[in-house]
Amino acid sequence: MMGRSNKNGIFIGYQVTFLFFILLLILFAAGFPSMQLIPAILIGWTLIISLTGILFGLLASLGLSLFSLFLFGSLLIWGMFAGWTIPLSVTDIVIWMGLFLIAAILTGLTHRLVSQTVAEHQEMVEKFDELVTIDEVTGFSNEKRLLFDLEEEFSRSRRTGIPFSLMLIEVNYLDSYFRLYGQKEGDYLLSSLAALLRNNTRLTDRKFRLDLSEQGSGTFAVILSNSHEEGAEVVVQKLEKLLRVHTLENNKKQVTLTIGFGISHYAEDVSDHLEMVQRAKQELDQYIQ
């Protein structure tokens, strides 16, 4: 929502700037002539109607233009009885009334078009984000892909009886790491951890990075296909040693990481793949390094 408001504000700023540019261009082409008071007021009021259409839309600009026509007509009628002399012909009056309506309609429709364009753009961005399943930093799939693949693996094990395990790995205090060492070192840490996971698990084991909406997200998941509990424990022990110490990108300092693990295994008493995720998260929360 915030992004949509910002884009809408930018487009509105462009429209207002363009409107004033056109006005200045017209005045420049006319040699900046001196105007009488009445035409100057009418030009200014037309500009106000246009700004209303750009900022608030068609209904607001039409409402203001209709009110302006009513007020303009009332002043003309009152002026006739009061004996005023208005330096405008009947043709001029009709033209100005038409300009009020045209300005209201054009700017109001422009506002509507811009709003629709911004909304459609935001919708396309959201759909694109849903379709993208790869994390740029680690090259791993995201959480949506994890749930899809996990459900598929669970159904396969239900049919065939072949076991598998789900392993969650979490780098604790990663948000503090980002604040302390910066974005570049944080991304380097995540890519290094991803490389260790990739090199120390099988090609058939599928890897994921979770909670990508948060900068300091350091939770990974691995689906260990055709894996018994003993095999999964061996993998945990190996990764626990490898992930304990990390060398910064400049190779000048080593930092100790606090890593948590959570594992769940396929079993007949597990109702579905979501329960496996829940069991792994519970073990992750209780893990002590």
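Q: Does Y173 count as buried or exposed?
A: In this predicted model, residues are numbered from 1 along each chain as its sequence is written, and side-chain values use heavy atoms, with hydrogens and water left out. Local features need pLDDT of at least 70 and side-chain atom pairs count only at pLDDT 80 or more, whereas totals for chains, interfaces and linings use all residues. Buried means under 20% relative accessible area, exposed over 50% and partly exposed in between (1.4 Å probe, protein chains only). Because its relative accessibility is 61%, Y173 counts as exposed.

Q: Which loop holds Y173, and what is its phi?
A: Helices (H or I, at least four residues) and strands (E, at least two) are DSSP runs, numbered from the N terminus. Y173 lies in the loop between β1 and α6. Most residues other than glycine have a negative phi. Y173 is not a glycine, yet its phi is positive, at about 60°.

Q: Where does N226 lie?
A: N226 is likewise a residue other than glycine with a positive phi, near 50°. Its place is in the loop between β3 and α8.

Q: How many helices and strands does the protein chain have?
A: The protein chain has 289 residues, of which 36% are buried. Its secondary structure comprises nine helices and six strands.

Q: What share of the accessible surface belongs to carbon and sulfur atoms?
A: Accessible areas come from the Shrake-Rupley method with a 1.4 Å probe. For the protein chain, the total is about 17600 Å². The share from carbon and sulfur atoms is 63%.

Q: What percentage of the contacts with a separation of 6 or more joins residues 24 or more positions apart?
A: A contact means heavy atoms within 4.5 Å. Among contacts in the protein chain with a separation of 6 or more, the share from residues 24 or more positions apart is 70%.

Q: Which elements give two or more residues to the lining of the largest cavity?
A: A cavity is a set of points on a 1 Å grid over the protein atoms alone where a 1.4 Å probe fits but cannot get out, and lining residues have an atom within 4 Å of a point. The largest one holds about 30 Å³, a volume being the space filled by probe spheres set on the points. Its lining consists of I169, V171, L193, L197, F220, L243 and I259. Two or more of the lining residues come from each of β1 (165–171) and α7 (183–199).

Q: How far apart are the C-alpha atoms of E229 and H265?
A: E229 is in helix α8 and is partly exposed, with a relative accessible area of 48%. Along the chain, E229 and H265 are 36 residues apart, and their C-alpha atoms are separated by 6.7 Å.

Q: What separates the C-alpha atoms of Q286 and G262?
A: Q286 belongs to helix α9 (residues 273–286) and counts as exposed, at 64% relative accessibility. Q286 and G262 are 24 residues apart along the chain, with a C-alpha separation of 8.3 Å.

Conventions. On a 1 Å grid over the protein atoms alone, a cavity is a set of points where a 1.4 Å probe fits but cannot get out, and a pocket is an open set with protein on both sides within 12 Å along at least five of seven lines; lining residues have an atom within 4 Å of a point.
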